[in-house]
Every structure is written in structure tokens, then in C-alpha cells.
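Subject: Structure handover

Hi,

Please look it over first; notes on charges and helices follow below.

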Amino acid sequence: MTELYSQLDEQEGNEMLALLLQHDIRSEKRAAKDNMVSLFVDTDKIPLAMGLLRKNGYPKDKFSTIADLFNADKLIATPYEDRTRYIYGLSQELADTLSRVDGVMTARVHLVIPNEDDEETVASSAVFIKHNPNYDLDEHIPQIKSIVASGIDSLDYDAVNVALFPAAQADVIRLGNDEPLRSVLSVEMTARSVRVFYFLLAGFGGALLLSIGGNVYLATRLRAG
């Protein structure tokens, strides 16, 4: 087996492993340093595995935390730099939270937060979400706006704008209890339907052979008679 992805957290590793196994791609999850995991697949399945995972939004985007940003270096930063880092850190943490909602493939949060002495600019936010079209996120827009508004001081609920973009159907592999589709004679069907199809085909073929054999036997008897 070959390592496909490394430095995955436990939850994401489990989700990716389950998706691969669901689509009959032999894979393994192995423990790594710092409580992270790595994902391994058969070498000849790497292109298929990468395509499947990418179409379903894996691996997830990595987001920086506020602690990460302020511990990036020990140099003295200007108030402007500290403020910029702080706003960026907030947007990263909010995007990370939204990316954990079922069906969300990619999330971005853009914030406009005025300075304390700026009385003209109003705090606002723009939220971009690309999601699996099999999930209806329109009904969750109020909750999405509440999450963002509650996470930022002085940001009103109505000042949060959410834009949802469904991924193209061709870029999404079925998840959940849906069986993966397989192509048989250019017809897409589930694995269960494939088995039924071959069973019926075998039965039809057997009946056809018996019919042909019977006709040959009768023709031979008639000629002999």
C-alpha cells in the first residue's frame, strides 16, 4: 500500500476511510505523530481514490486559529498587524465551524470590522459556501447567519450575507446509504441491481440454450425418421 494523505485528524481520517471502503477501494488508516493519522490505499487505486475524495471535499481545508497566528513569531507587531491577524483568525475559526456542517464542502468567511473610532463603517460579513447538492442548505441559512453574528462583537444578524453554491452533480459521489452506481452495457445501476441483472441474464441464457437444444434434438429425430 502507498500513503495517500498524512497529517489528518482522527475524525477526518475515519470519514475518508469510510468513503473509500464504501466504494470498494481497499484502504487503511494508520496512526502517526501528534495524534494524527495517515491514509493508505493500494498503489493502483491512487488515481481513483484521489478523485473520489476530492469530489467529496476531502481532505478538508485547514484553518488557522487565533492562537496559531499570534504564536507565529515572537517579533513585536504593530497594532495594525495585531488587528489584521485577529480579524483573519476570527474568519478562519468561523469558516472551520461552518465547514463541519453536513453537506458543506468548502466555507469562507470574509469580515469587515471597523476600528473603534470609525463611526461610519458598519460591521458586516460575507459567507461563501460550496456544498453537496444532495443537501438542502437553504433552510439552514438562519443558523449560519446566527453562528457568524454571534461570533463577532457588534455584528448584526442582518449584516451577514450568505451565498450558497451547489457543486456540479458530476463532481459529487453519492454518500450515506445510497449504493454506488456501476455501469453495465452503458446503463448506470446499483450493485444490487447488477446482481439481479446478471441472474436474469443467466436464466434467460439457460432457457435459450435449452430451447435451441430441444429444437436441434427434434430436427435430428425428424431427419432420422
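Start with Lys-29. At 28% relative accessibility, Lys-29 counts as partly exposed (buried is under 20% relative accessible area, exposed over 50%, partly exposed in between; 1.4 Å probe, protein chains only).

Two notes on the source. This is a predicted model, where local features need pLDDT of at least 70, side-chain atom pairs count only at pLDDT 80 or more, and totals for chains, interfaces and linings use all residues. Residues are numbered from 1 along each chain as its sequence is written, and side-chain values use heavy atoms, with hydrogens and water left out.

Salt bridges

The search of the whole structure gives 4 salt bridges (a side-chain nitrogen of Lys or Arg within 4 Å of a carboxyl oxygen of Asp or Glu). Three of them are described here.

- Glu-10 and Lys-29 form one, with the closest N and O atoms 2.6 Å apart. Glu-10 sits in helix α1 (residues 10-22) and Lys-29 in strand β2 (residues 27-31), so the pair ties together parts 19 residues apart in sequence. Helices (H or I, at least four residues) and strands (E, at least two) are DSSP runs, numbered from the N terminus. Glu-10 is partly exposed, at 40% relative accessibility.
- Arg-26 pairs with Asp-42, closest N and O atoms 2.8 Å apart. Arg-26 is in the loop between α1 and β2, and Asp-42 in the loop between β3 (37-41) and α2 (46-55), so this pair links parts 16 residues apart in sequence. Asp-42 is buried, at 17% relative accessibility.
- Arg-100 meets Asp-96 at 3.3 Å, N to O. Arg-100 is exposed at 54%. Asp-96 is partly exposed at 24%.

Negative patch

Glu-116, Asp-117, Glu-119 and Glu-120 gather in a patch of negative charge on the surface. Patch members have over 30% relative accessible area and no salt bridge, with like charges joined within 9 Å. Asp-117 lies in the loop between β4 (104-112) and β5 (124-131). Asp-117 is exposed, with a relative accessible area of 68%.

Helix α4

Helix α4 (residues 79-99) has 21 residues. From first C-alpha to last, α4 reaches 30 Å, close to the 30 Å expected at 1.5 Å a residue (1.5 Å times one less than the number of residues). Which residues of α4 are buried? They are Ile-87, Gly-89, Leu-90, Ser-91, Gln-92, Leu-94, Ala-95, Leu-98 and Ser-99. An α-helix has 3.6 residues a turn, so residues three or four places apart point the same way.

Best wishes

Methods:
Patches are made of residues with over 30% relative accessible area and no salt bridge: like charges are joined within 9 Å, nonpolar side chains (Val, Leu, Ile, Met, Phe, Trp, Tyr) within 5 Å. Accessible areas come from the Shrake-Rupley method with a 1.4 Å probe; for residues, only the protein chains shown count as cover. Lys and Arg count as positive and Asp and Glu as negative; His and the chain ends are not counted. The place of a charge is taken as NZ of Lys, CZ of Arg, CG of Asp or CD of Glu.
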